[in-house]
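Subject: Structure handover

Hello,

Here is the structure I promised to pass on. Please open it alongside this email.

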Amino acid sequence: MDTRKLIDILRATIDPNQRAQAEEQLSQIHKIIGFAPTLLQVVMMNDVAIPLRQAGVVYLKNLITSGWQEKEPEENEPLAFSIHEQDQAMIRDSIVDAISQAPDIIRVQLCVCLKTIIKHDFPTRWTQVVDKIHIYLQNPEPNGWMGALLCLYQLIKNYEYQLAEKRVPLIEAMNLLLPMLYNLIVTLQPDQSAESVLIQKQILKCFYGLIKGAECARYYLEYILPLDLITKEVFTKWMEVLRKVMEQPVPEHTLQVDEDERLELPWWKCKKWAVHTLYRLFERYGSPVNTRKEYVQFAEWYLTTFTGGILDVLLRVLDQYRNKIYVSPRVLQQTISYIDQCVSHSHSWKILKPNMFEIIKDVLFPLMSYSEADEELWNTDPHEYIRIKFDIFEDFVSPIIAAQTLLISCCKKRKEMLERTMQLCMQVLTSQNGEYSPRQRDGALHMVGTLSDLLIKKKFYKDEIDSLLSQYVFPEYSNPLGYMRARACWVLHCFATVRFKSEPLLVEAVRLTVSALLNDTDLPVKVEAAIALQTLLGSQEKVHKLLEPQVKAVTTELLKVIRETENDNIASVLQKIVPLYTEQLMPMAYEITEHLATTFRKVIETDSGTDEKAITAMGLLNTMETVLNVMEDNPEIMAQLEKTVLTVVGHILQNNVIEYYEEAMTLLCNLTAKQISEDMWKVLELLYQVFEKDSFDYFTDMMPVLHNYITVDTNAFVSNENHILAMFNMAKAVLNSDSEDESEIYAAKLLEVMVLQCNGKIDNCLPSFVELVLNRLTRTVKTSELRTMLLQVLIAILYCNPVLLFTILDKLQQAVPNASITQHFIKQWIHDTDCFMGLHDRKLCVLGICTLLEMGPCRPPLSAVLPRILPSCLVLFDGLKRAYELRAEADEQTDDEDEVDDQDEEVLSSDEDDIDDMNNEYLENLSRMAVKNAAQQGVNMTANFEDYDSDSDDEDDYEPDETAIECYTTPLDDRDCPVDEYVKFKAALSGISTTEPELYHALTQVLDEEQQKQLSAVLVLADQRKAQQDSKRIEQSGGYSFTVPAQVPTKFKFGS
C-alpha cells in the first residue's frame, strides 16, 4: 500500500472541507490487506506532521479495537471485518518498537492498541512481546526504557483481575523481567533528573500492578501476592527501594513551581506510587489476623521486619508537613492512610503510640482547619468550593478525609486518645485571649463534629452536647466570617440525631438554621444550613411543626440554591421536605417542578461527561418523582405537573440521553399510576419508537409503564388496536431475539398481564400470543423461570377461555403432524408445577388446573398426567401457604427504629489488634495462632474453626419470598379478588366427584396417607376462606349490625 497516498488521505481528514470524502476513502480501503501495517508505518514517520500522525494513530486504535478479534457471524448478517492474520503478524512484530520510539502524544494511543493485542494474543499467539521488552530493558541506551516499561505495564494490567492459575504466563514473564526492573531502578536512583525519576515512577507502577493483582471470587476480590516470584529476599530489596524513594529529598528548584502544579512533577508522582505501594502491601498482606491463610506467615514477618522502618520514614514525611515544608496532597493522604492502618495492629501501635497525639495536634488539626487555599476558593469561586466539599470522588484522594478517618480510628480504638483530643479541642474553643485564630477554632469544631458518632455513644460526652452546642456552636451563626457560620451549620448537622434535653435549644437550632438558609449572603453557608435542616427533620419529630410556618420560604430558597449550585445534596433536602409538607406545598407543586425541570435542562446542556453532573441530574429527576408521588391523589395538580415532566422525559427520550432512561421511565410510571391522559397515550407511541431504536436494551425499565397502560385504563387500552399491537410487537421482538436474559421473562409477563387484564376483550389476538409462546418454547430455554413464565401465558388463556385455547392449539397442530401440541403443553405444565414461585404464579396454576378439570366433555385427554395432577396441586398449595404467611408477616412489620445503644464502645489495649469479627480468615488465623501460642507455653491445645461455606447445600433449599415480576399485578392479585383458588379447587373436586366419579377416583386413588391428610387440610382451609369471603361480603353490604356491645373479659383462665 502506498504510504504517500495514505498521508494525503489523513491530511484530508483534518480539513473540514474534505473530511467526509476522506473518511469515505478510508472506509473503502481499510479492509485491504496491508492497510493496517502501512498506517502504523505512517504513524511512525518522523517527517510527517504530528496532527496527521495523531489522526492516523486514532484510526489505527479504532481499527484494532474493533477488528483484531475475529467475530462469529450473526445470523443473516454479513461477516464482520477483522484484520488479516498477515497484517496482525506485522503489527505484533513492530508495535513494541513503535511505542518505544514514538512521542508521548502518539504513544498513548499505541498503548491502547497494545492492550487489545495482548488481551487476545498473549501468550497463545504472541510470547515474543516479553522478549521485545527484555531487549529494550537490557539495552544500556535509555531512550527505549520508558516505551518498554509502558508495554510491560499493559501486560501486567491485562492480568489485574485474573484467577491465580490464569496468571501463570505473567509470572513466567516476570521471572525474567522483575530482576531487570530492580536493577534498573537501583541504577537510576542516584540520578534525580526529571527523565530518570519518570522512569523510576513507571517501574514503581509496574511493581504496584504486580502486587495489586486480585482475582474475582464469588462475591468479592481476593488479592494475590505471587510469593514464588516475590520471595522474602526479593521483597526486602523492593522495600529498600521504596524506602529510598520516600527518603529522597525533592530538588529545591521545584519550590519555584506554582503549588497547584507541583503535585504533577515527576518527583512527587514517584513518591506517590511508592507510598501507594507501601499502603497496599500493608493493607492487604500486613495483618496476620485478617489476611488469607496463605499469607499469614508472610504478614507476621512483614509486621515485625518492616513496620518500624517504614513508620520512621513516613513520620518524617508528616514532620515535613508539620514544619511547613511542602508535601503533595496525594503523598500526604496515602501517608496518613498508612498510619491509620497502623492504629489497628498492636505491634505497629506500640511504635506509633508515643507520637500519636503529636500527629493529632500538629498534623490532623492543621489539616482540618480552614486554609488559605479554602479562603481563596471561597472568595473567588464559591460554586467550585461547594463542588469540592461535596464531591464523593474527592473523598478517595483528599488528605482532609484521610485525617478525619485517622482521627476516628485512633479515638475509637485506642485508650486516652478521645479524651486528649477533646481536651485539645476544648482548649481551643474556650480560649479567650486570642491565643487561637478563627481558623483554628474552625479546626477544633471540625474535629468535634468528626467525632460526633463516638461522643454520642459515651455518656460522659453525650450529657454535655446541649452545652457544647449552646456555648460554642450557636454563637458562630452570627460570626462575621462566612466559613465559621458554615462550620456551625455543619456541626449542628453532625449532632442533629441527639435528643435535645432542652426544647428551647431545639427551637433555637431550627431558628438559626432556617435564618442561615434564607438570609445568609454566602452560598456555602446556605448549602450547609440546608443539609443541617434535612438532618434535623429526619431525626427530630418536633422540628416538623417548628418549620411549618416557613416551609414555603424554605422550599423557594432551596430551589434557588439547587439552580445556582447544581448540588445533588440540596435536591435530597427537597426530597425530604416535600413529603412532610404535602398539603402546604400543593400550591407550589407546579413552581417546584418547573424549577427542577429548568435546572435539569441547564445541567445536561452544560454536561461534559462528568460524574458530578450525572449525579446532580439524577437527583433532580428523583426529586421530581418525589413531587409526583406525593401529589398523585390530586388530579388537577397532576395534570399541571404532567406537561412540565413530559418536556423533561421527551428531551431524554428524543435526544437519546440513555443514562437517564431509567429515571425517565420512573417518571412516566408516576404519571400513569392513577389515570392516563390523552398526552400520555401519545407517549406510548414515543416509547414504542424508543424500543424499536434501542432494541430491547431498556425493555425491563419500560415494563412498569407498559403495565400501567394495560391496567390503569383497560377500556382505553383496548379501544385502539395500535396499543395492543405495540405491546405484542415489543414482546415478540424480545422473545424472538433469544437474548436469554431476564427481558424475555418480562416479555412473557407482559403477554400474561394483557390476557388476564383484558379477559374477553382481545380474544382475536390470542392465536398470535399462543403461536409466539409455542415458537419460543420449541427453541432452547435455559432457565425454569422463563419456561414457567411462557407456560403461564398459555395457562392464563386456558383460565380465561379454555375452549378458545384448545381450538387454537388444534389449528396449530396441522403444522406438526407427528406430536400432540396439547398433550406436550399439559405434560410440561404438570411436570413443572414445582417451578412456579410466589403467590400469583401458584394461584394461576391452581386455577388453570381447576378450569381444566371443569371442562367436562370438551376436556382434552388427561390419562398421561392423571396420577400427578393432585400431588402437583398439593405442592402448589404448600407453596401458597408459605407465600401467604410471608405476605402476612410483611404486612405486620413495623417501621420502629431501634433505639441508639448508649453503651460505651470498648477501646483496645496496646496489645490488642483491631479485627474483622465476621471474617472467616480471621477466625481461622485466630485458632491457628492460639495453637501456636499455646505450644510456645508448653500447653497442648487444639483449636478448630469450621468454615461457613457460602456454597453449602442449604442454599439450594432457599426460596425467594416472591418472584421478581410479581409486582406486575392482574385482577387475580387484588386483595378483594372474588376468585379464591382454595374455594375454586374444592368446588372443582366436588363437581367432578358428582358428575365424573370415575375421574375423581382416578385422581384420588394415587394419594398416599400423608397426601390424603394434606388434601383434607386444603379442603378445610377452603371452607374457612369461603366463610371469610361470605362474612366480608355481608359486612360490605351493611350486615352484622350489633346493638349490644359484646362483653370482653378482662382476664383469661386456661384449664380448670
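Below is what was found in it, from the whole chain down to single residues.

**Overall**

Please keep in mind that this is a predicted model. The protein has 1056 residues, and 50% of them count as buried. Its secondary structure is made up of 50 helices and 2 strands. Take the contacts between residues at least 6 apart in sequence: 74% of these join residues at least 24 apart. The accessible surface is about 51900 Å². Carbon and sulfur atoms account for 50% of that surface.

Start with Phe-122 and Pro-123. They are joined by a cis peptide bond, with omega at about 0 degrees. Most peptide bonds are trans. Pro-123 sits in the loop that runs between helix H6 (104–121) and H7.

Helix H7 covers residues 128–138. Which of its residues are buried? They are Val-129, Val-130, Lys-132, Ile-133, His-134, Tyr-136 and Leu-137. Their cover includes helix H5 (85–101), helix H8 (145–157) and helix H9 (168–188).

**Cavities**

There are 2 cavities of 30 Å³ or more. H13 gives the most, with 3 residues.

**The second largest pocket**

How much space lies in the second largest pocket? About 1200 Å³. Its lining counts 38 residues. Those nearest the centre are Tyr-884, Arg-887, Asp-974, Arg-975 and Arg-1025. The elements giving two or more residues to this lining are helix H45 (838–853), helix H46 (866–892), helix H48 (981–995) and helix H50 (1009–1036). H46 gives the most, with 10 residues.

Thr-335 belongs to helix H15, which spans residues 329–343. Is Thr-335 buried or exposed? Thr-335 counts as buried because its relative accessible area is 0%. Leaving aside residues up to four places away in sequence, Thr-335 touches Val-275, Leu-314, Val-317 and Leu-318.

Leu-454 lies in helix H22, residues 452–457. Its relative accessibility is 10%, so Leu-454 counts as buried too. With residues up to four places away in sequence set aside, Leu-454 touches Ile-408, Cys-411 and Lys-412. Leu-454 and Cys-411 are 43 residues apart along the chain. Their C-alpha atoms are separated by 8.2 Å.

**A nonpolar patch**

Now the surface. Ile-392, Phe-393, Phe-396, Val-397 and Ile-615 form a nonpolar patch there. Together they have about 440 Å² of accessible area. Ile-615 comes from helix H33, residues 611–631. Ile-615 counts as partly exposed because its relative accessibility is 30%.

Most residues other than glycine have a negative phi. Two residues are worth a look on this point.

Glu-566 is not a glycine, yet its phi is positive, at about 55 degrees. You will find Glu-566 in the loop between helix H29 (551–565) and helix H30 (568–580). Glu-566 counts as buried because its relative accessibility is 14%, and the cut-off for buried is under 20%.

Asn-656 is not a glycine either, and its phi is positive at about 55 degrees. Asn-656 lies in the loop between helix H34 (635–654) and helix H35 (661–671). Is Asn-656 buried or partly exposed? Asn-656 has a relative accessible area of 35%, so it counts as partly exposed.

**Where to look**

For a quick tour, begin at the cis bond between Phe-122 and Pro-123. Go on to the largest cavity, where H13 gives the most to the lining. Then find the second largest pocket, with H46 as the main contributor to its lining. End at the loops that hold Glu-566 and Asn-656.

Best wishes

Key: Residues numbered from 1 in each chain as written. Predicted model: local features only at pLDDT ≥ 70, side-chain atom pairs only at ≥ 80, totals over all residues. Heavy atoms only, no water. Helix = DSSP H or I, 4+ residues; strand = E, 2+ residues; numbered from the N terminus. Buried < 20%, exposed > 50% of the residue type's maximum accessible area, 1.4 Å probe, protein only. Contact = heavy atoms within 4.5 Å. Areas by Shrake-Rupley, 256 points an atom, 1.4 Å probe, with all protein chains shown as cover. Patch = residues over 30% accessible without salt bridge, like charges linked within 9 Å, V, L, I, M, F, W, Y side chains within 5 Å. Salt bridge = Lys/Arg side-chain N within 4 Å of Asp/Glu carboxyl O. 1 Å grid on protein atoms, 1.4 Å probe; cavity = no way out; pocket = protein on both sides within 12 Å on 5 of 7 lines; lining within 4 Å. Points joined across faces, edges and corners; volume = space filled by probe spheres on them.
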